[in-house]
Amino acid sequence: MRSIWNGAISFGLVSIPIKLVNATESHSISFRQIHTEDNGRIRYRKVCELEEREVSQAEIGKAYEDADGTIIPITDDDLSHLPIPTARTIEIVAFVPGDRIDPLQMGAAYYLAAGGAPAAKPYTLLREALKRSNKVAIAKYALRGRERLGMLRVIGDAIAMHGLLWPDEVRAPEGVAPDAHVTIRDKELDLADALMDTLGEVDLEDLHDEYREALEEVIAAKASGEAPPEAPEPAAGGKVLDLMAALENSVRAARESRGETARSGGPAEVRPMPRRAAPKAAGGKKSTSTAKKTTTAKKAEPARKSTSKTASKTAQGAKKTAAAKSTATKSTAKKTAAKKTPSRKRTA
């Protein structure tokens, strides 16, 4: 790996010569701009506006433009003599627990390679000190024309550095959270927990860039003169009106994708309170008969007498009447049962 910066780590009176190496790489596919009529390349040329001619990279330098338009040339030699200690040094200023660093601050990652044999021992000393303390080092360094903040930590047998944003570069999350007051029920949290447990953990090594793979397929198809693969139909969307139902369906789908049964134990069995429905009946006849009993009983109620004996006789008469009418209302009972069946499925 090619180093992009040479300098030293400094903490106290210890100085460790190091080389800065990129710890990450991009696998994204880049495109060229072309003229759509003839596929000719579109290029950007660097032209001096005074001489109106194209200039090479060797002729290009840096300059600062003042508010009144004055151009102030700045050379690499000027930058190498900046009056700060971090011009060629990663200066460690503190050691803190790793959880003190807000992930929002973390940026580009680098490996710090020991700069030669003399750096091996102090490099190893710093690495082992970081390991034993379970802390990270906070450092300041200069790179690409500005002073930056960094965090040093141990990865395997190497020291890595993450570029950090300065604290005042991280915006406060004002106006981001919903303004409306929302109440979350315990049952909703239980289902959310069940969904998290069902999805479980993932080995990050198994994750890959599916967009890049699909793009490679399109490029390969067009290069061979074939039609590019068609995109799958997107899933039908819609508003989620019932959060509990959505959570239950998500848990069920996650378990089915793992080959588990929909009712395989765990907190996922927490369900919303069903709406009050009619008593379950076999074939619908019992349900209709029950309704008839209630109707007949209500009609018979005004005729009841105060004595318990008379009330008992009236109730028996009502039951006989309902039984006699049960056969005559068979078709009505079937229609009623058919209408109620979807309701029972929704509240199951």
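Leu79 is found in helix H1, which spans residues 76-80. The model is predicted. At 30% relative accessibility, Leu79 counts as partly exposed, because that class lies between the buried limit of 20% and the exposed limit of 50%.

Charge makes another patch. Asp186, Asp190, Asp193 and Asp197 gather on the surface, and their patch is negative. Asp186 belongs to helix H3, residues 186-199. With 61% relative accessibility, Asp186 is exposed, because the class begins over 50%.

Next come the salt bridges. The count is 11. One of them joins the side chains of Arg45 and Glu54, with an N to O distance of 3.5 Å.

Another bridge sits within a helix. The side chains of Lys131 and Glu128 meet at 3.8 Å, N to O. Both residues lie in helix H2, three residues apart, which is about one turn of the helix. Lys131 has 34% relative accessible area and is partly exposed. Glu128, at 36%, is partly exposed too.

This pair is part of a network. Salt bridges link Arg127, Glu128, Lys131 and Asp157. Arg127 is in helix H2 as well, within residues 120-133. Is Arg127 buried or exposed? Arg127 has 13% relative accessibility, so this residue counts as buried; the limit for that class is under 20%. The side chain of Arg127 also reaches the backbone oxygen of Asp157, at 3.0 Å.

A further bridge connects Glu169 and Arg146, whose side chains meet at 3.4 Å, N to O. This pair links distant parts of the chain, 23 residues apart. Glu169 lies in the loop between strand S13 (158-164) and H3. Arg146 lies in strand S12, residues 146-155. Glu169 counts as partly exposed, at 36% relative accessibility. Arg146 is also partly exposed, with a value of 36%.

Which residues does it link? They are Arg127, Glu128, Lys131 and Asp157. Among them, Arg127 is buried, whereas Lys131 is partly exposed.

How values were computed
Residues are numbered from 1 along each chain as its sequence is written. This is a predicted model: local features need pLDDT of at least 70, side-chain atom pairs count only at pLDDT 80 or more; totals for chains, interfaces and linings use all residues. Side-chain values use heavy atoms; hydrogens and water are left out. Patches are made of residues with over 30% relative accessible area and no salt bridge: like charges are joined within 9 Å, nonpolar side chains (Val, Leu, Ile, Met, Phe, Trp, Tyr) within 5 Å. Accessible areas come from the Shrake-Rupley method with a 1.4 Å probe; for residues, only the protein chains shown count as cover. A salt bridge is a side-chain nitrogen of Lys or Arg within 4 Å of a carboxyl oxygen of Asp or Glu. Lys and Arg count as positive and Asp and Glu as negative; His and the chain ends are not counted. The place of a charge is taken as NZ of Lys, CZ of Arg, CG of Asp or CD of Glu. Helices (H or I, at least four residues) and strands (E, at least two) are DSSP runs, numbered from the N terminus. Buried means under 20% relative accessible area, exposed over 50%, partly exposed in between (1.4 Å probe, protein chains only). A polar contact is a pair of N or O atoms within 3.5 Å; within protein, one must be able to donate a hydrogen and the other to accept it, and residues adjacent in sequence count only if both atoms are side-chain atoms.
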